[in-house]
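Subject: Structure handover

Hi,

Here is the structure we talked about. Please open it alongside this note and follow the residues as you read.

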Amino acid sequence: AAKMKDEDKLYKREGILYSSILSPPETMDKLTELQAREDDLILVAYPKCGFNWMVAVLRKIVNASTGKNEKPPERPPLVEFLPPDVQEELSEMPTPRLLGTHLHPDLMPASFFTKKAKILVVFRNPKDTLVSYFHFMNKNPVLPSAESWDKFFSDFMAGEVAWGSYFDHALAWEKRLDDPNVMIVTYEDLKQNLPEGVKKVSEFFNLPLTDEQIGSIAGESTFNAMLENSQKSHGNFGNIFFRKGEVGDWKNHFSDVQSKQMDEIFQAKLAGTKLGARLKY
Ligand code: A3P
């Protein structure tokens with residue numbers, strides 16, 4: 001992967017960029033066949049909105065609620081990274097399966113919706129998401145390095161980044177906000193009150209916890225606790241996924257002009273939406 005030239009690391013499929021290494025066309029083709037189960041735990045996030053944080057929280061919730069103590073599986077939590085043969089093995093995986101994705105809802109396996117599986121969506125304000133994505137590009141060997149902050153800023157605004165436009169994802173989820181099988185949590189709310197977030201997520205998936213369990217899961221899932229454990233949980237990728245873990249780091253990166261540009265596109269696309277109101281920065 002490291003030897004691949006930067007310009008070959010992403011390719012376009014139906015107008016959207018994906019990783020050539022992790023999500024090649026045969027993997028994406030096979031995904032349309034993936035059969036969800038009603039009791040799957042589906043976790044969705046646009047890149048850099050807090051996906052890995054919620055994966056850890058969800059695994060802890062499942063373990064605490066079922067009394068199991070399972071190690072994380074060997075496979076990556078994103079279905080669009082699973083080669084076709086590994087996708088097939090999913091049908092033998094015991095319940096409850098945790099299936100993750102960064103895909104736009106219209107491009108997710110259709111059965112995710114038709115089987116009425118519960119879908120937890122994590123969102124984060126777009127300015128901090130962009131900052132996190134910029135650093136991730138430069139640290140992750142499977143993605144091309146950003147040429148510069150200004151170039152990545154305009155690519156993000158135009159949706160010319162892997163998995164497409166933040167705003168398209170937000171608008172698509174806005175339409176599904178009141179779907180009883182969908183729950184949206186925000187990075188900002190989780191930062192503000194993690195025990196409350198753990199409680200809401202466990203109730204949504206019908207995995208009830210005691211107050212004590214909620215407290216200990218929240219304690220083990222702070223940024224610092226997860227950073228300390230990251231060598232064990234993510235190996236050498238630990239320092240790629242756990243960077244700063246704060247709300248408002250955009251203030252250290254955006255110029256005044258860029259901040260205004262983001263405010264304008266945010267206003268144009270998400271003003272008056274319920275999700276927009278929750279993604280204030
Ligand atoms: P920063 O780059 O702003 O630090 P994803 O998992 O979707 O790729 O998101 C990565 C972002 O979530 C990174 O943001 C990372 O630091 C942050 N993150 C990971 N674990 C976290 C935690 N326990 N608490 C808060 N933020 C966390």
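D189 and R278 meet through their side chains in a salt bridge, at 3.8 Å from N to O. A salt bridge here is a side-chain nitrogen of Lys or Arg within 4 Å of a carboxyl oxygen of Asp or Glu. D189 lies in helix α8 (residues 187-192) and R278 in helix α15 (residues 274-278), so the pair ties together parts that are 89 residues apart in sequence. D189 is partly exposed, at 38% relative accessibility. R278 is partly exposed too, with a relative accessible area of 31%. The cut-offs: buried is under 20% relative accessible area, exposed is over 50%, and partly exposed is in between (1.4 Å probe, protein chains only). Salt bridges that share partners also join K30, E33 and E88 into one network.

Please note that this is a predicted model: local features need pLDDT of at least 70, side-chain atom pairs count only at pLDDT 80 or more, and totals for chains, interfaces and linings use all residues. Residues are numbered from 1 along each chain as its sequence is written, and side-chain values use heavy atoms, with hydrogens and water left out.

More on salt bridges. The whole structure holds 15 of them. R176 pairs with D106, with the closest N and O atoms 3.5 Å apart. R176 sits in the loop between α7 (166-175) and β6 (182-186), and D106 in the loop between β4 (98-101) and α4 (111-114), so this pair ties together parts that are 70 residues apart in sequence. R176 is partly exposed at 22% relative accessible area. D106 counts as exposed, at 57%. D6 bridges to K9, and their closest N and O atoms are 3.0 Å apart. K9 is buried at 5% relative accessibility, while D6 is partly exposed at 30%. Helices (H or I, at least four residues) and strands (E, at least two) are DSSP runs, numbered from the N terminus.

Now the sheet. Four strands form an open sheet in the order β4-β3-β5-β6, with parallel pairing. Strands β4 and β6 stand at the edges with a single partner strand each, so one side of each has no neighbour in the sheet. The twist averages 20° from one strand to the next. Two strands pair if DSSP finds at least two bridges between them. Strand β3 (residues 41-45) and strand β5 (residues 118-123) pair in the parallel sense over five bridges. L41 stands opposite K118 in β5.

Two helices go with the sheet. α7 lies across β3, β5 and β6, and runs at about 140° to β5. Helix α9 (residues 194-204) packs on the sheet and touches β5 and β6. The direction of α9 makes about 170° with that of β6. Axes are lines fitted to C-alpha atoms, for helices over the stretch in contact, and angles run from 0 to 180 degrees between N-to-C directions. Contact means heavy atoms within 4.5 Å.

Last, D263. Helix α14 (residues 256-270) holds D263. D263 is partly exposed, at 31% relative accessibility. Leaving aside neighbours within four places in sequence, D263 is in contact with K127 and Y281. The side chains of D263 and K127 make a polar contact at 2.9 Å. That term means a pair of N or O atoms within 3.5 Å; within protein, one must be able to donate a hydrogen and the other to accept it, and residues adjacent in sequence count only if both atoms are side-chain atoms. The C-alpha atoms of D263 and P126 are separated by 9.7 Å, and the two residues are 137 apart along the chain.

Best wishes
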